[in-house]
Amino acid sequence: MEQTSPAPASVGMTARQARTVELIIVGVSLLSLVLLFQPFSLALYSVGAGLVVLAGLAFNLVPLCTPGRTFGSLAKGALVVAIIFVVVTLLALGSAVLYSLYLTAG
């Protein structure tokens with residue numbers, strides 16, 4: 001019986017690819033902190049503030065950066081993190097609106 005190789009879509013990340021993704025996430029985290037605490041430019045500070053949020057969310061994907069795991073699985077994890085972020089943001093904005101209504105009614 002002849003063995004066939006698995007389909008390319010089901011082949012997971014190699015150890016090098018998993019480590020590269022992990023290092024990119026850590027690198028973005030470090031870059032965001034450097035930009036956030038630099039004292040020279042308000043524009044760089046703004047970029048750093050946005051990157052801190054992005055890096056914090058992306059850091060949740062580090063446990064998924066393992067050899068053998070597919071990029072599709074990593075993308076699903078990123079989608080879950082993004083959905084949770086959107087829901088929490090909407091809840092926070094909704095509670096702020098309700099609080100402002102409470103203050104104006106009293």
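Which residue caps the N-terminal end of α2? Ser-41 does, through a side-chain oxygen 3.3 Å from the backbone nitrogen of Ala-43. The legends below take this and other sites in turn.

This is a predicted model, in which local features need pLDDT of at least 70, side-chain atom pairs count only at pLDDT 80 or more, and totals for chains, interfaces and linings use all residues. Residues are numbered from 1 along each chain as its sequence is written, and side-chain values use heavy atoms, with hydrogens and water left out.

**Figure 1. Overall fold: three helices and zero strands.** Along the sequence the pattern reads α-α-α. Helices (H or I, at least four residues) and strands (E, at least two) are DSSP runs, numbered from the N terminus. The C-alpha atoms fill a box of roughly 80 × 40 × 15 Å along the principal axes. The radius of gyration is 20 Å, whereas a compact globule of 106 residues would have one near 13 Å. That radius is taken over C-alpha atoms, and the globule rule is 2.2 Å times the number of residues to the power 0.38. Buried residues make up 17% of the 106 residues. Buried means under 20% relative accessible area, exposed over 50%, and partly exposed in between (1.4 Å probe, protein chains only). Of the contacts with a separation of 6 or more, 58% join residues 24 or more positions apart. A contact means heavy atoms within 4.5 Å.

**Figure 2. The largest nonpolar core, with nine residues.** Its members are Met-13, Ala-18, Val-21, Ile-25, Leu-61, Val-62, Cys-65, Leu-74 and Val-81. Helices α1 and α3 (71–105) are the elements that give two or more residues to this core. Helix α1 gives the most, with three residues. A nonpolar core is a set of buried Ala, Val, Leu, Ile, Met, Phe, Trp, Tyr and Cys residues joined through side-chain atoms within 4.5 Å. In soluble globular proteins, nonpolar side chains tend to be buried together. Met-13 has contacts beyond four places in sequence that include Ala-18, Val-21, Cys-65 and Leu-74. Among its other such partners are Pro-67, Gly-68, Arg-69 and Phe-71.

Figure 3. Ser-29 sits in α1 (residues 15–37). It counts as buried because its relative accessibility is 15%. Leaving out residues up to four places away in sequence, Ser-29 touches Ala-55 and Phe-59. Gly-27 also belongs to helix α1. Gly-27 counts as partly exposed because its relative accessibility is 33%. Gly-27 and Leu-57 are 30 residues apart in sequence and 14 Å apart in space, C-alpha to C-alpha.

**Figure 4. The loop between α1 and α2, at Gln-38.** Gln-38 is buried, with a relative accessible area of 14%. A polar atom of its side chain lies 2.8 Å from the backbone nitrogen of Phe-40. Such a polar contact is a pair of N or O atoms within 3.5 Å; within protein, one must be able to donate a hydrogen and the other to accept it, and residues adjacent in sequence count only if both atoms are side-chain atoms. Not counting residues up to four places away in sequence, Gln-38 touches Leu-44 and Tyr-45.

**Figure 5. Helix α2 and its buried residues.** The buried residues of α2 are Gly-48, Leu-51 and Ala-55. What covers them includes α1. The 17 residues of α2 should span 24 Å at 1.5 Å a residue, and the end C-alpha atoms are 24 Å apart, which agrees. The expected span is 1.5 Å times one less than the number of residues.

**Figure 6. Helix α3, with 35 residues.** From first C-alpha to last, α3 reaches 51 Å, close to the 51 Å expected at 1.5 Å a residue. Its buried residues are Leu-74, Gly-77 and Val-81. Their cover includes α1 and α2 (42–58). Thr-104 is also found in helix α3. Thr-104 counts as exposed because its relative accessibility is 64%. The C-alpha atoms of Thr-104 and Val-28 are separated by 42 Å, and these residues are 76 apart along the chain.

**Figure 7. One aromatic pair in the whole structure.** The rings of Tyr-99 and Tyr-102 have centres 6.2 Å apart and planes at 25 degrees, so the pair is stacked. Rings of Phe, Tyr and Trp (its six-membered ring) pair if their centres lie within 6.5 Å; planes under 30 degrees apart count as stacked, over 60 as edge-to-face and the rest as tilted. Both tyrosines, Tyr-99 and Tyr-102, are exposed. They lie in helix α3, three residues apart, about one turn of the helix. An α-helix has 3.6 residues a turn, so residues three or four places apart point the same way.
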